[in-house]
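Subject: A structure for you to look at

Hi there,

Here is the structure I promised to pass on.

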Amino acid sequence: MKGSPRHRILEIAKKRFYQQGYYHTGINQLIRESGTAKASFYDHFPSKRDLGIRVIQAYGADVLIWFRQILRESPSPNDFIAELSKAVIIQMNEDASYYQGCPIAIFSCQFPIGEQPFSDEFKSIAFRWETLFAMYIARWKSNGLLKETTDPMEMARDLINLYEGALINWRISLNEVYIKRMFAQMKQVFDPQAKK
């Protein structure tokens, strides 16, 4: 793996924390797999907790970029559903042995509710998602694609709730019906009069 020791450690930690979990991944494993010296590891990350925070921030940035790309390619709510559907299916099928769902949800479930400093990082990520989604929803609303009574933040939260809930239930059950229902339910969020 190329890059600085910090970059290598962070990339390996992102993979291992996602695949194995935070508590089942040891610092020695990360040092070995990243090809860095122990002293170099501690120069960049004074503790595993510090590394965990950086991994959360990296996951948050990755998912935000992914959502932003989907939204940019979506001039309408229906386009958003189509683009999100395509992106989720690609993730599920490209590396079925690796993909486990949203890395933020997977990682957040490994810690007790409210555990600091992780909890604040997760809240910050959720706020950025809500803000991004609400911005695009407001744009669709101003373009006449959604009802005047639409509350962009409320709708953003509904969409995120459907997305995260579907992925968690898919992960628990390995039943893709949850993913299919997510898209049908998103259509209903955008158009409450739509047939089920």
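Predicted model: local features only at pLDDT ≥ 70, side-chain atom pairs only at ≥ 80, totals over all residues.

Residues are numbered from 1 along each chain as its sequence is written, and side-chain values use heavy atoms, with hydrogens and water left out.

Let's start with helix α7, residues 118-142. Helices here are DSSP runs of H or I with at least four residues, numbered from the N terminus. (The expected span is 1.5 Å times one less than the number of residues.) After α7 comes G144, which has a positive phi near 80°.

Next, see how α7 packs against helix α8, residues 152-173: the angle is about 120° and the axes are 8 Å apart. Axes are lines fitted to C-alpha atoms, for helices over the stretch in contact, and angles run from 0 to 180 degrees between N-to-C directions. The two helices, α7 and α8, are therefore oblique to each other (under 35 degrees counts as roughly parallel, over 145 as roughly antiparallel, 65 to 115 as roughly perpendicular, and the rest as oblique). Residues in their contact (heavy atoms within 4.5 Å) include W129, F133 and I137 of α7 and M155, L159 and I160 of α8. By class, the contact of α7 with α8 has 11 nonpolar, one polar and four charged residues. Ala, Val, Leu, Ile, Met, Phe, Trp, Tyr, Cys and Pro count as nonpolar, Asp, Glu, Lys and Arg as charged, and the others, Gly among them, as polar.

α8 also packs with α5, at an angle of about 25° and with axes 14 Å apart, so α5 and α8 are roughly parallel. Here F80, L84, V88 and M92 of α5 meet L159, Y163, L167 and W170 of α8. The contact of α5 with α8 has eight nonpolar residues, no polar and no charged ones.

Finally, find I81 in α5, the helix of residues 77-94. I81 counts as buried because its relative accessibility is 4% (buried is under 20% relative accessible area, exposed over 50%, partly exposed in between, with a 1.4 Å probe and protein chains only). Beyond its neighbours within four places in sequence, I81 is in contact with F183, M186, K187 and F190. I81 and F190 are 109 residues apart in sequence, yet their C-alpha atoms are 9.8 Å apart in space.

Enjoy exploring!
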